[in-house]
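Subject: Handing over a structure

Dear colleague,

I am passing on a structure that you have not worked with before, and below it I set out what was found in it. Please keep the model open while you read.

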Amino acid sequence: TALIAAFGYINFSFTTPLKQESKYSPINDSIKVDSIIKRAYKVMGTPYKWAGCTPKSGFDCSGFVYWCFQSVNIATARSSSGLYGQGTKIEFEEAEAGDLILFKGTDSRSRGVGHVGIVVSKRGEPLKFVHSSSSKQHWGVIETVYGGSYYVKRYIGIRRVL
């Protein structure tokens, strides 16, 4: 009986870490990405609101990202410049759904990050992102195809937070 009790204890101690590690598996990360993207599309058309971070009040770009990532318990910075320091730098060609895409602001003299969106396309597809735009032509939460857009000349980088 002592041997069985010891074996049961040893078996338990070996299986517990495997369960803990599995919560960070690519499968669960893809579930988080899917949840973030579903949440982003759910609020399409929500008006742009400077400093806004809820569907009720409206969103600015970083408030939109913050709200979407918060839905899967991922803490992010609340500013676009703060988001540039999070996660891992990814090459443009490696971008995939759930990554952040960062741009200069609308002031052409500024070189710092001033706008952010969430990539929604799969790697290898033409890059698309969802963001909260302050443009009078495209106001609020919208989807944008990167190629040929106004954002190409403002591109700064891609960050992977998940």
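Helices (H or I, at least four residues) and strands (E, at least two) are taken as DSSP runs and numbered from the N terminus, while buried stands for under 20% relative accessible area, exposed for over 50% and partly exposed for what lies in between (1.4 Å probe, protein chains only). By that count 8 of the 10 residues of helix 3 are buried, and the helix is mostly covered.

Before going further, please note that this is a predicted model, in which local features need pLDDT of at least 70 and side-chain atom pairs count only at pLDDT 80 or more, whereas totals for chains, interfaces and linings use all residues. Residues are numbered from 1 along each chain as its sequence is written, and side-chain values rest on heavy atoms, with hydrogens and water left out.

The chain as a whole

The protein chain holds 4 helices and 8 strands, and along the sequence they come in the pattern α-α-β-β-α-α-β-β-β-β-β-β. Of its 162 residues, 38% count as buried. The accessible surface of the chain is about 9,800 Å², and carbon and sulfur atoms account for 58% of it; such areas come from the Shrake-Rupley method with a 1.4 Å probe, and for residues only the protein chains shown count as cover. If contact is taken to mean heavy atoms within 4.5 Å, then among contacts with a separation of 6 or more, 54% join residues 24 or more positions apart.

The nonpolar cores

A nonpolar core here is a set of buried Ala, Val, Leu, Ile, Met, Phe, Trp, Tyr and Cys residues joined through side-chain atoms within 4.5 Å. The largest core has 25 residues, of which Phe64, Val65 and Ile118 touch the most other members. Helix 2, helix 3, strand 4 (100-104) and strand 5 each give two or more residues to this core, and helix 3 provides the largest share, with 6 residues. Leaving aside neighbours within four places in sequence, Phe64 is in contact with Ala40, Val43, Phe59, Ile118, Val130, His131, Ser132 and Val141. Another core, of 10 residues, lies apart from the largest one and includes Ile90, Ala95, Phe129 and Ile158.

The pockets

Points are joined across faces, edges and corners, and a volume is the space filled by probe spheres set on them.

The largest pocket has a volume of about 420 Å³ and is lined by 23 residues, of which Thr106, His115, Ser133, Ser134 and Tyr151 lie nearest its centre. Two or more lining residues come from each of helix 3 (61-70), strand 5 (113-119), strand 6 (128-134) and strand 7 (139-145). Its lining divides into 6 nonpolar, 14 polar and 3 charged residues, where Ala, Val, Leu, Ile, Met, Phe, Trp, Tyr, Cys and Pro count as nonpolar, Asp, Glu, Lys and Arg as charged, and the others, Gly among them, as polar.

The second largest pocket, with a volume of about 260 Å³, is lined by 15 residues, and those nearest its centre are Asp29, Ser30, Val33, Glu96 and Ala97. Helix 2 (residues 26-42) gives the most to this lining, with 5 residues, and by class the lining has 5 nonpolar, 3 polar and 7 charged residues.

Single residues to look at

Trp139, in strand 7, is partly exposed, with a relative accessible area of 45%. Trp139 and Tyr48 are 91 residues apart in sequence, yet 6.1 Å apart in space, C-alpha to C-alpha; not counting residues up to four places away in sequence, Trp139 touches Pro47, Tyr48, Ser133 and Ser134.

In the loop between helix 3 and helix 4 (80-84) lies Thr76, which counts as buried at 10% relative accessibility and which touches Tyr66, Phe69, Leu83 and Gln86, residues up to four places away in sequence not being counted. Asn73 lies in the loop between helix 3 and helix 4, but Asn73 is exposed, with a relative accessible area of 73%.

Most residues other than glycine have a negative phi. Asn73, however, has a positive phi near 60°, and Ala51 has a positive phi of about 70°. Ala51 is found in the loop between helix 2 and strand 1 (53-54) and is partly exposed, with a relative accessible area of 42%.

With best wishes

Conventions
1 Å grid on protein atoms, 1.4 Å probe; cavity = no way out; pocket = protein on both sides within 12 Å on 5 of 7 lines; lining within 4 Å.
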